Each structure stands twice: as C-alpha cells, then as structure tokens.
Amino acid sequence: MKLHRYLSSLLLGGALALCQGSVARAQAPTPAAKTTDTVKVGVLHSLSGTMAISETSLRDILLFAFDEINAKGGVLGKQIEPVVVDGASNWPLFAEKAKQLLDQDKVAVTFGCWTSVSRKSVLPVFEEKKGLLFYPVQYEGEEMSPNIFYTAEAVNQQATPAVDYMLSKGYKKFYLLGSDYVYPQTTNLILLEYLRSKGVPLENIGGGLRKDEAGNIISAGKYTPFGHTDYQQIVAEIKQFTSGGKACVINTLNGDTNVPFFKEYAAAGLTAETCPVVSFSIAEDEFRGLPAKQLVGQLGCWTYFQSIKSPENKKFIEDFQKWLKATNTQGIVKQGRVVDSPMVLSYDGVYLWKKAVEQAKSFDVDKVVAELEKGISFTGPGGVVTTQKNHHLTKSVYIGETKADGQFKILQEFKNVVGEPFLKGKFKAAVTTPVTNAANALAVAHP
Amino acid sequence: MRRNFSRSELIAVGVIALLGLIVLPALNSAGLISNFAINLWGKYLCYAVLAISVDLLWGYTGLLSLGQALFFSLGGYMLGMHLMLMIGKLGQYKSDLPDFMVFLGYTSLPTFWQPFRSFLFAALMILAVPGLLSGVFGYLAFRSRIKGVYFSILTQALTYAGSLMFFRNDLLMGGNNGFTDFKLLLGLDLRTPGVQRGLFIATVALLLLVYLGCRWLTMTKFGLVQRAVRDSETRVLFSGYAAANYKLFIFVLAAIIASLGGALYVPQVGIINPSEMTPDKSLEAVVWCAVGGRGTLFGPVLGAISVNALKSWATRAYPDSWLIILGGLFILVVLFLPGGIASVPGLLARTMRRRKKSDEPIAAVPATAVSAATEA
C-alpha cells in the first residue's frame with residue numbers, strides 16, 4: 001500500500017501550510033491602522049441565511065449613510081471605509097466576525113446585529129476587545145453593555161406606549177401572542193406587570209399564564225415556535241376572548257409566521273374593527289414579504305414611519321432613492337425599496353457616532369463613549385434623537401395604522417420618550433398610578 | 001490490509017503533534033501568531049473532531065447520520081451549563097443564577113442544574129448524555145433494522161426535535177439565545193490569551209487522540225466487520241455476526257467523539273444555542289467529510305479545516321457572493337474529485353505512473369502491470 005506514504009506526506013504538507021498560514025496571517029500588517037485618510041468601520045449583518053431578508057436592508061442604509069458622510073468630507077477629515085462582513089444568520093460566526101473586525105481590521109466602530117442572540121454572541125467580544133457596537137433593532141432590554149449603544153426601541157418605547165394608546169381608546173382586554181423566544185417572552189412579562197399596574201384585571205389578559213412551583217408568574221401569553229403555520233386553534237381562542245367586550249391582540253410574532261396568523265385571523269371574520277392587532281415586529285420593510293392587504297387597519301408601533309411628514313424625512317427618503325439608483329455595490333436590490341424604523345435607527349447611529357467622534361476629536365472608543373454618554377442630539381428622519389447615559393436613546397414613538405400599500409397612517413405621537421432598558425419589576429406598584437417614562441411623556445395627537 | 005500504523009503515518013502525526021502542541025502555542029505566546037488565529041484554528045479543529053465522528057459512521061460503517069450536530073451541541077450544552085454557573089455574580093444581574101433564569105423570574109436554581117456546579121460532573125455528563133441518548137436511539141433504530149435513507153431521515157428528525165426542544169424557554173436551557181458570556185473555567189479567566197491557548201492545545205490533543213484511536217479501531221478485526229457491514233450487511237448477518245451490535249457501538253462512540261468536540265468548541269467560540277443542532281449543521285459536517293474524502297479519517301479533518309477556513313475568508317472578502325463560491329466548489333469536488341481532497345495525491349501518482357508507462361520501452365510493461373495488480 002503505497003498510498004499511505006502519499007497520505008502522510010499530504011498530512012505533513014497540510015500541517016506546514018497550517019503553520020505558514022497562521023504565521024503569515026499574524027505577521028500581515030494591518031494597513032487600515034496605518035493609513036491616514038480613511039477610518040475603518042465595521043458592518044456586521046447577515047447577508048445570507050434566514051435573517052438576510054431583514055438585515056441586508058440595514059447594510060444598504062449604512063452604506064448610504066457612509067457615502068453621504070464621505071461626500072461631505074468624512075469624519076474628522078477621514079473617509080469612512082466600510083468593512084462589510086456576512087454573519088450568515090449563524091451566531092458563532094457572528095462572534096468570529098466580530099473578533100475579526102476588532103482584531104484584524106481594527107475598526108473604529110461597528111454597526112450591526114438584528115436578533116438578540118447575535119447581539120448576545122458578540123457582546124463578550126466587544127467587551128473583551130473594547131470595541132463599540134451600535135445596535136438598531138427593537139429588543140427586550142435587560143441589558144446595558146458599556147461597549148454597546150442601543151439606538152433600538154426599548155420595551156417602553158414600543159410596547160408600553162402601544163398599550164397606553166389602546167387603553168386610551170377604551171380597550172379593556174389584551175390577548176398576548178408571540179414567537180417563543182426571549183424578546184416576546186420578556187416584552188409580555190413587562191406588559192403583564194404594566195397592564196396590572198394600570199388596573200387591568202388578570203382575567204382580561206389573554207393567552208395564559210405559567211407559574212413556577214413557588215407560584216411566581218414566569219411566562220404570560222401564548223407562544224408558537226418559529227415557522228409555526230397552524231393558527232386555527234389560537235384564532236378560535238382569540239375569537240372567544242373578544243366576546244366579552246373591547247379586546248385587542250398584542251402581537252410579537254416573528255416575521256414569516258405572521259402570514260398564516262393574519263390569514264387565519266381574516267378567515268375567522270376578525271377585523272381591525274372587532275379586535276385590532278398591534279404588531280411590534282412588522283414594519284414597512286416587512287411588507288416586501290407580507291401581504292399588506294390582510295393587515296389593513298391593524299396597528300403598528302415604532303419610533304419611525306416612512307409616512308412622517310418632515311423636511312428631514314422627505315430629504316432622507318429622496319436621497320436614499322437617488323443613492324439606490326446610482327450605487328453599483330453588489331447585491332443591492334434597487335426596486336420597490338422602502339425605509340423603516342430599524343433602518344432609520346441604523347442611520348441615526350452613524351450620525352450620532354460621527355458627532356461624538358467630532359466632539360471627542362478622536363476615534364478612541366473610550367472617548368467617543370464618554371461623549372455619547374454626555375448626550376448627543378441628532379435630528380434624524382424620525383425627529384430628534386438624543387443619547388442617554390444608559391446607552392439608549394430618547395426619541396419619539398409613533399402609533400400607525402396599516403394601509404393597503406404597506407405604509408402606515410400615523411395616529412398618535414408620544415414625544416421624547418426616554419429609553420429604559422430595565423423595566424421588569426418596575427410596575428409592581430399595582431393600582432397606584434405608576435411613574436413611568438412613557439406616562440411622563442407628553443402625548444400629542446399627530447396633525 | 002494493513003494491521004498497524006505505517007512509519008510515515010506515525011511521523012506525520014508526530015510532526016503535527018509537535019506543531020500543534022508546542023510550536024504553534026509557543027509562537028502564539030511569543031506574539032508571532034495572533035490570538036485571533038489561534039482561536040480560529042481551535043474552532044476549526046473542533047469541527048475536525050466532529051467531521052471524524054461523521055466519517056466513522058458514514059465512511060466506515062455506511063451509516064449516513066444527520067444527527068451528529070445534536071451530539072456536538074449536547075456536549076457544548078453540558079459544559080455550557082457548568083460555565084453558566086461559574087459566571088456567578090459577574091453576570092448582568094449580579095446574581096448567582098444564570099442571567100436568563102433571572103430574566104424568566106426564577107429565584108432559585110432548578111434541581112437538575114445543581115450538580116453542574118462541579119466540573120467533574122459536567123465532564124461526566126459530556127460523555128454520559130450523548131452516550132445514553134445515542135445508545136437508546138441506536139438500540140431502537142438498529143434493532144428495527146432501520147438503514148439507508150431511513151436512518152438518515154430519522155437522525156435528522158432527532159436533531160430537529162432536539163433543536164425545537166432547546167428553543168423552548170421552558171426547558172430552562174437558555175431558549176433561543178442559549179448560553180453565552182462565559183467568564184471562568186476551572187477558576188481561570190476564559191477571555192485571556194493564555195487560557196485560549198490552553199484550549200487550543202487541548203483541542204489539538206483531542207483531535208490527535210481521536211484520530212489515532214479511530215485509526216487503530218479501523219485496523220482491528222472490529223474495523224473489518226465494520227467495513228463489511230458497510231459493504232454488505234446481509235452477508236455479515238449470514239456469517240453469524242450481530243451487525244446491530246457493531247453499529248450500535250460505532251454510533252455511541254461517534255456521538256461521544258462529537259460531544260467532546262462540542263465541549264471544547266463552546267469555551268472557544270463563546271456561545272452555544274439551539275441553532276447549532278439544526279439538521280443543516282449536521283449536513284455541513286457531512287459536506288466537510290465529502291470534500292475531504294470520506295473513509296480516510298484524515299480527509300474529513302482536511303475538509304473541515306479547508307471549508308471553514310474558506311468560509312472565514314470569503315465571508316469577509318466576498319460577503320455577497322461567498323455562498324456561490326463555496327457552493328460552486330462543492331459541485332466541482334463532487335463532479336471531478338469524488339474521492340475528495342484526500343484522493344488528490346493518489347490521482348497524481350496514478351497519472352504520473354501512466355505517463356511513465358508510456359515513456360518506457362515495451363519490454364518494461366509486464367513488470368509495471370504486475371506491480372499495479374499487486375497494489376490493487
């Protein structure tokens with residue numbers, strides 16, 4: 001068997017290549033750190049896999065923001081050089097890519113992540129290597145890393161204002177429905193406390209409660225797994241739930257499971273008039289994959305809607321469309337593009353970082369974070385956003401009604417809601433009027 | 001049939017051992033190899049261990065298991081449970097409980113988590129849990145004479161069921177987010193380069209042990225029966241061997257090997273969550289095996305390393321088209337290199353011999369024909 005000799009030599013060769021590869025990699029100079037006129041900025045989103053449909057839009061808006069800034073002279077005189085990597089909806093790969101961005105590319109800042117699990121997987125990396133990440137998507141809170149800035153909506157910038165709105169419209173019964181993962185579970189636990197603090201009795205909160213042995217409620221609401229398609233039973237349950245008076249559904253279902261749910265909902269004869277659904281995960285961009293017609297009249301709550309009428313928003317939308325036409329970046333869809341809250345919060349993040357860098361006169365993460373913590377304001381497409389000491393943003397919250405074209409008609413605006421990540425246990429004060437940020441916020445009817 | 005290790009193979013293994021256990025870590029501590037590279041290679045080598053486990057089943061026994069990712073993840077979860085408890089008050093909530101339990105409103109540690117405070121117990125569970133699961137599953141499957149594509153489908157269903165189960169928050173295994181943000185292992189800070197280097201060395205050692213162990217096994221009489229099962233199970237049965245027992249042993253062994261790889265993978269990668277046990281992760285491991293060359297044991301190692309290195313590079317260099325690059329490569333390998341990377345030297349040698357043959361005078365032909373016949 002001569003074969004063996006070849007095999008062993010191959011093994012040996014492979015081992016040498018391994019060694020050489022690693023050495024070469026280690027010795028390769030990091031060119032970005034040396035050049036003077038550019039600054040490397042990381043873009044860490046899934047461009048493939050299940051999350052690609054949502055996350056590629058964020059990549060696009062970030063590249064647009066970079067081009068806009070570069071055209072006006074860059075940041076501190078340096079042109080932004082984006083380093084785009086693909087996290088591929090693969091969470092360990094996210095951690096690897098974060099390490100690569102920080103260790104090898106030595107990026108000054110990274111914009112990225114959509115799912116909570118991807119953020120959780122890169123968080124230790126950013127903390128260990130003292131990086132800075134801007135996270136743009138609504139999330140469950142309960143987190144405040146010194147190395148992450150959450151431009152995202154905290155629960156009190158989406159869920160509790162939405163409930164406030166429904167209460168103000170006279171709704172008395174709330175059915176909680178979501179996908180079984182941490183964002184819906186946490187949001188609903190907070191909502192349960194919030195609703196009870198507002199005097200809503202337990203029997204008016206639908207979806208079911210789960211208790212541990214000690215009798216503490218550990219889960220509220222109905223949960224279905226990812227990719228669930230059979231909503232017949234749940235919709236029947238909701239229909240029964242609505243019979244007792246003014247009821248609504250608080251929906252934290254994930255992306256594509258919304259299609260069968262809303263289909264079943266319409267088929268059962270439930271409408272926005274009989275029992276409106278408030279969704280927290282459906283924005284304008286989702287209607288590229290969801291039939292908007294079945295959702296007409298249903299409600300959404302975000303800190304930005306494309307239909308906001310302001311000069312900043314008008315210019316933003318026009319410039320983005322112009323940029324889409326002109327860009328020759330590979331893989332960017334040019335037709336039928338819309339903007340939505342996660343995209344605008346990504347965009348805001350870039351400008352907040354730019355301002356902070358300019359105020360700090362340095363790209364140094366510690367100095368930039370110190371400036372951000374002092375409070376930096378930026379008038380973005382969704383209005384003024386201001387950074388807070390707790391790494392979240394003060395911003396306006398909007399309630400919108402879905403239209404057939406996949407846009408939202410704005411019904412109400414809550415101005416300058418302070419982002420608060422730690423909400424669990426905050427609303428325990430039962431029936432006494434709770435002092436909450438959302439309640440403090442000035443509610444004004446939108447013109 | 002060779003019944004012992006060839007000298008050249010032992011030399012090759014020795015050289016790799018020297019490189020992986022001493023030279024590379026030394027270069028790393030001297031600063032010549034970056035911590036990032038060491039960490040990345042540690043991850044590749046964990047995947048290589050998984051690939052060997054797939055090869056043991058698929059390449060040597062003809063069992064195409066699509067459930068190896070489950071055992072890999074279970075190993076990771078078992079060590080992960082210990083690591084979660086070792087975070088202690090360093091977590092987000094400064095609580096003794098893992099963060100996700102505080103999140104869900106738990107005030108005391110559930111009973112089945114208690115013993116995982118002990119590293120030894122966790123280490124035992126890394127072997128026991130996948131071992132038992134594969135034992136029960138394998139016993140039922142092989143007793144029922146489930147084979148071929150049905151076996152693949154069943155194992156795929158098993159890992160899918162596992163992922164669905166772990167996705168649920170009720171299971172108290174971290175749900176969708178899984179375990180992350182580890183701090184300490186055996187009292188050492190996981191985030192320091194020294195500990196990561198140690199984990200790399202441990203991974204190299206595990207890979208070498210697994211490789212040598214599996215090589216040895218395939219050279220024994222057991223290995224012969226194993227291959228006989230692959231080639232014609234019915235004949236093995238007629239010859240009086242209990243093929244099911246052989247298969248069960250291999251299945252359990254492969255599960256434990258995968259689990260060990262997973263256990264070393266988690267502290268190096270820093271996260272374990274249910275998407276690691278979805279069927280496509282198992283399929284990925286099968287692809288590494290096919291690309292490297294199945295039924296060779298070292299081919300899958302090459303496959304795991306090269307495919308993952310390519311993936312690391314391409315997701316950075318061509319974030320938009322890396323899937324096409326990788327997919328194209330797989331197609332090319334399947335079309336033109338059915339034996340995988342491992343078959344390349346053999347192919348080269350054959351072409352060279354053929355060329356030599358045509359160069360030589362006619363009188364020499366019988367001699368080469370004889371040697372070719374003996375080799376075949």
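This is a predicted model: local features need pLDDT of at least 70, side-chain atom pairs count only at pLDDT 80 or more; totals for chains, interfaces and linings use all residues.
Colleague: How many helices and strands does chain B have, and what percentage of the chain is buried?

Modeller: Chain B has 15 helices and four strands. Of its 376 residues, 47% are buried, a class that requires 20 or more other C-beta atoms within 10 Å. Among contacts in chain B between residues at least 6 apart in sequence, 78% link residues at least 24 apart.

Colleague: Why are α1(B) and α7(B) called roughly antiparallel?

Modeller: Angles over 145 degrees count as roughly antiparallel. The angle between α1(B) and α7(B), the latter covering residues 193–219, is about 175 degrees; the two helices are therefore roughly antiparallel to each other. Their axes lie 10 Å apart.

Colleague: Which residues meet where α1(B) and α7(B) pack?

Modeller: From α1(B), the residues include Val13(B), Ala17(B), Gly20(B) and Leu21(B). Among those they meet in α7(B) are Arg197(B), Phe200(B), Ile201(B) and Val204(B). By class, this contact has ten nonpolar, three polar and one charged residues.

Colleague: Why does Leu326(B) count as partly exposed?

Modeller: A buried residue needs 20 or more C-beta neighbours within 10 Å, and an exposed residue has 12 or fewer. Leu326(B) has 17 inside 10 Å, so this residue counts as partly exposed.

Colleague: Where is Leu326(B) placed, and with which residues is Leu326(B) in contact, leaving aside neighbours within four places in sequence?

Modeller: Leu326(B) is in helix α13 of chain B. With those neighbours set aside, Leu326(B) is in contact with Leu310(B), Lys311(B) and Ala314(B). Val307(B) is 19 residues from Leu326(B) in sequence, and their C-alpha atoms are 7.9 Å apart.

Colleague: How many residues does each chain give to the contact between chain A and chain B?

Modeller: Chain B gives 56 residues and chain A gives 57 residues. On the side of chain B, the elements that give two or more residues are α1 (7–29), α2 (35–61), α6 (148–167), α12 (298–317), α13 (322–336) and α14 (344–359). The largest share, ten residues, comes from α1(B). By class, the residues on the side of chain B are 29 nonpolar, 19 polar and eight charged.

Terms used: Residues are numbered from 1 along each chain as its sequence is written. Chains are lettered from A and ligands numbered from 1 in the order in which they are written. Two residues are in contact if their C-beta atoms, placed from the backbone, lie within 7 Å. Ala, Val, Leu, Ile, Met, Phe, Trp, Tyr, Cys and Pro count as nonpolar, Asp, Glu, Lys and Arg as charged, and the others, Gly among them, as polar. Axes are lines fitted to C-alpha atoms, for helices over the stretch in contact, and angles run from 0 to 180 degrees between N-to-C directions. Angles under 35 degrees count as roughly parallel, over 145 as roughly antiparallel, 65 to 115 as roughly perpendicular and the rest as oblique.
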